[in-house]
Number of protein chains: 2
Amino acid sequence: MAGTNRSREEEARDLCLDPALVPRVILVEPQMGENIGATARAMLNCGLTDLYLVKPRDGWPNPKAEAMSSGAFAKMGDPALHEDFSAAIADCSTVYATTARSRDLVKPVLTARAAATDMVARIQRGEKIALVFGGERAGLDNEDIARCDLLITVPLNPAFSSLNLGQAVLLVCYEWMQAACLEENPAIQTPTGESPPVTKADFEHFFNRLEENLEIGGYFKEDNLKRTTLRNLRAMLTRMAPTDQEIRSLHGMISALIRQRNKVDHE
Amino acid sequence: MAGTNRSREEEARDLCLDPALVPRVILVEPQMGENIGATARAMLNCGLTDLYLVKPRDGWPNPKAEAMSSGAFAKMGDPALHEDFSAAIADCSTVYATTARSRDLVKPVLTARAAATDMVARIQRGEKIALVFGGERAGLDNEDIARCDLLITVPLNPAFSSLNLGQAVLLVCYEWMQAACLEENPAIQTPTGESPPVTKADFEHFFNRLEENLEIGGYFKEDNLKRTTLRNLRAMLTRMAPTDQEIRSLHGMISALIRQRNKVDHE
C-alpha cells in the first residue's frame with residue numbers, strides 16, 4: 001500500500017465498500033427471521049453487503065427479517081440462497097467458522113480480533129473469504145466445520161457467555177471493520193466547535209491577568225511556593241485545551257468575581 | 001503489575017469479575033424493557049454487573065427486561081434505580097458518554113477501543129468510572145453530556161450507522177473486556193500525582209459555589225443565556241478533569257478573587 005499517491009483513508013474506504021473485497025457472511029440453516037434481519041443490519045453497519053443463506057428454515061422473502069434489518073436489505077440487496085453449504089463457499093479461498101466449541105476438530109482457533117487482522121491481510125492478497133455462522137439451535141455441525149479453514153472464538157465472560165446469532169455476527173463484523181478501516185486512526189480528537197483553539201499569546205495574556213489578580217487577592221501565601229503553584233495552575237489550564245471563545249469567557253469570569261467588592265462570599 | 005508471581009491471566013480475571021473494579025453502566029431514561037434486558041445480557045457477557053437506571057419509563061421490575069436478559073439479572077442482581085443522573089454518577093471520577101453526535105460541546109472524543117484502554121488505565125489507578133447511554137428516542141441531552149468527561153464514538157459505516165441501544169452497549173462493553181482481560185495494556189496517560197480525581201459530588205459543590213459568586217458579580221447578563229453559559233462552563237471545567245487537590249486550589253482562587261474588594265482590576 002506504500003508508494004502510491006492515495007491516502008490510507010481512500011484505500012480503507014474502498015476496502016470497506018467494494019462488495020468484491022469484503023468478507024461474505026454465510027448463515028447455515030438459520031431459524032428466526034429476526035436473526036437474519038439483525039445479521040444484515042450488523043453487516044451493513046460494518047460495511048459488509050454479501051450475505052448468503054443456506055437452507056433458511058422459513059425461506060425467503062422473510063418479513064420478520066426485513067422488519068429487523070432497519071432498512072439494511074433495501075441498501076444491500078436480498079441475500080443469496082443456497083441449498084448446500086459447499087456451493088456457498090465454492091468461490092472462497094479461506095473460510096472462518098464462528099463457533100463456541102472446538103468439537104474435537106483440530107483447527108486453528110483465532111480470537112475475533114486476531115481473525116480480523118488475518119482477514120484483512122488475506123483480502124489484500126486478493127483472497128475471497130467467508131465468515132460462517134451456524135443456526136440458533138445447534139450451531140454448525142462437524143461436517144460443515146470440517147470444510148472451514150479457521151475457527152473464530154469471541155472471548156467473553158467464562159461464567160456467562162450468551163450471545164445470540166445477531167450479536168455474534170455484530171462482534172465479528174465489527175472487528176473486521178476496525179481492522180480494515182480504522183486501525184491507524186488517531187485515538188483522540190477534541191472537536192472545538194466554531195471557535196479555534198486559543199493562541200499561546202492570548203493564553204499567556206489571560207494567564208498573566210489571572211496571576212496578577214490572584215496576587216492582589218492574597219492567593220500566593222508563601223513566596224517560595226508561588227512558582228510551583230503557578231506551574232500547577234498552568235498545567236491544569238493547559239490540560240483544559242481552551243478555545244478562543246472559552247478564554248474570553250474566563251476573562252469575563254475574572255471580571256465578574258473581582259467586581260463583587262462589597263458582597264459576601266457564599267461558601 | 002510486574003514483579004509478582006501471579007499470572008497476567010489471574011490479574012485480568014480479577015479485574016473483570018470484581019464488581020468494585022468494573023465500569024458502571026448507566027442507562028438514562030431507557031424506554032423499552034427489551035433494551036434494558038439486552039443491556040444486562042451484554043454487560044454480563046463482558047464481566048460487568050453494575051447497572052444503574054435513571055428514570056426508566058416503565059419502572060422496575062420489568063418483565064420484558066428480564067425475559068430479554070437470558071438470565072443475566074438472576075446472576076448480577078437487580079439494577080439500581082435513580083431519579084437523577086447526578087446522583088447516579090456522584091461517586092464516580094470519570095464518566096464516558098456514548099453518543100453519535102458531538103452536539104457542539106467541546107469534549108474529547110474517543111473511539112470505543114481507545115476509550116477501553118483509557119478505562120483500564122483509570123481503573124488500575126483506583127478510579128470508579130461509568131459508561132452512560134441515553135434513551136432510545138433522543139439519546140442524552142446536552143445537560144447530561146455536559147456532566148460527562150469524555151465521549152465515546154463507535155466507528156461504523158458512514159453510510160449506515162444504525163445500532164440499537166443493546167448493540168451499542170455490547171460493543172462498548174466488549175471493547176472494555178478485550179482491553180481489561182485480553183490485551184497487553186499499554187499503561188497510563190496523564191498521571192495525576194498524589195491526588196485522586198475529584199468526585200462528582202465535590203465537583204458539584206465547587207461548581208455551585210462558582211455559579212453563585214459569578215451571579216453576584218453580574219456574570220450572567222441575560223437570564224435566557226444563563227443555562228447555556230453554565231453548560232459550556234461545565235463542559236470546559238469537566239474537560240480539565242481536575243484532581244481533588246486542584247479543586248481545592250480552585251476554591252482558593254475564588255476566595256482570593258472575591259476578597260479584593262477595594263482593589264482595581266489590572267486588565
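Mentor: Happy to! One term before we start: a residue counts as exposed when its relative accessible area is over 50%, and as buried when that area is under 20%. Please keep in mind that this is a predicted model.

Let's look at helix H9 of chain A, residues 200–216. H9(A) has 17 residues and spans 24 Å from its first C-alpha to its last, close to the 24 Å expected at 1.5 Å a residue.

Which residues of H9(A) are buried? They are A:Phe203, A:Phe206, A:Phe207, A:Arg209, A:Leu210, A:Asn213 and A:Leu214. If you look down the axis of H9(A), these buried residues fall within an arc of 160 degrees, so they line one face of the helix. The numbering pattern has a simple background: an α-helix has 3.6 residues a turn, so residues three or four places apart point the same way. Now turn to the other side of H9(A), where A:Lys200 and A:Ala201 are exposed.

What covers the buried residues of H9(A)? The cover includes helices H10 (223–239) and H11 (244–259) of chain A, together with helix H11 (244–259) of chain B. In other words, part of that cover comes from chain B.

Let's follow one of these partners, H10(A). The axes of H9(A) and H10(A) come within 12 Å and cross at roughly 135 degrees. That angle makes H9(A) oblique to H10(A), and their crossing is right-handed. On the H9(A) side, the contact is made by A:Phe203, A:Glu204, A:Phe206, A:Phe207, A:Leu210, A:Glu211, A:Leu214 and A:Glu215. H10(A) brings A:Lys226, A:Leu230, A:Leu233, A:Arg234, A:Leu237 and A:Thr238 to the contact.

Finally, see what comes after the helix: H9(A) is followed by A:Gly218, whose phi is positive, near 75 degrees.

Helix H2 (residues 33–45) and helix H8 (residues 165–181) of chain B pack at an angle of about 15 degrees, with their axes 8 Å apart. That makes H2(B) roughly parallel to H8(B), and the crossing of H2(B) and H8(B) is right-handed. Among the residues that meet there are B:Ala38 and B:Ala42 in H2(B), and B:Val169 and B:Cys173 in H8(B).

Definitions and conventions
Residues numbered from 1 in each chain as written. Chains lettered and ligands numbered in written order. Predicted model: local features only at pLDDT ≥ 70, side-chain atom pairs only at ≥ 80, totals over all residues. Heavy atoms only, no water. Helix = DSSP H or I, 4+ residues; strand = E, 2+ residues; numbered from the N terminus. Expected span 1.5 Å × (residues − 1). Buried < 20%, exposed > 50% of the residue type's maximum accessible area, 1.4 Å probe, protein only. Arc of directions from axis to C-beta. Contact = heavy atoms within 4.5 Å. Axes fitted to C-alpha atoms, helices over the stretch in contact; angles between N-to-C directions. Parallel < 35°, antiparallel > 145°, perpendicular 65-115°, else oblique. Left-handed = near helix turned anticlockwise from the far one by under 90°.
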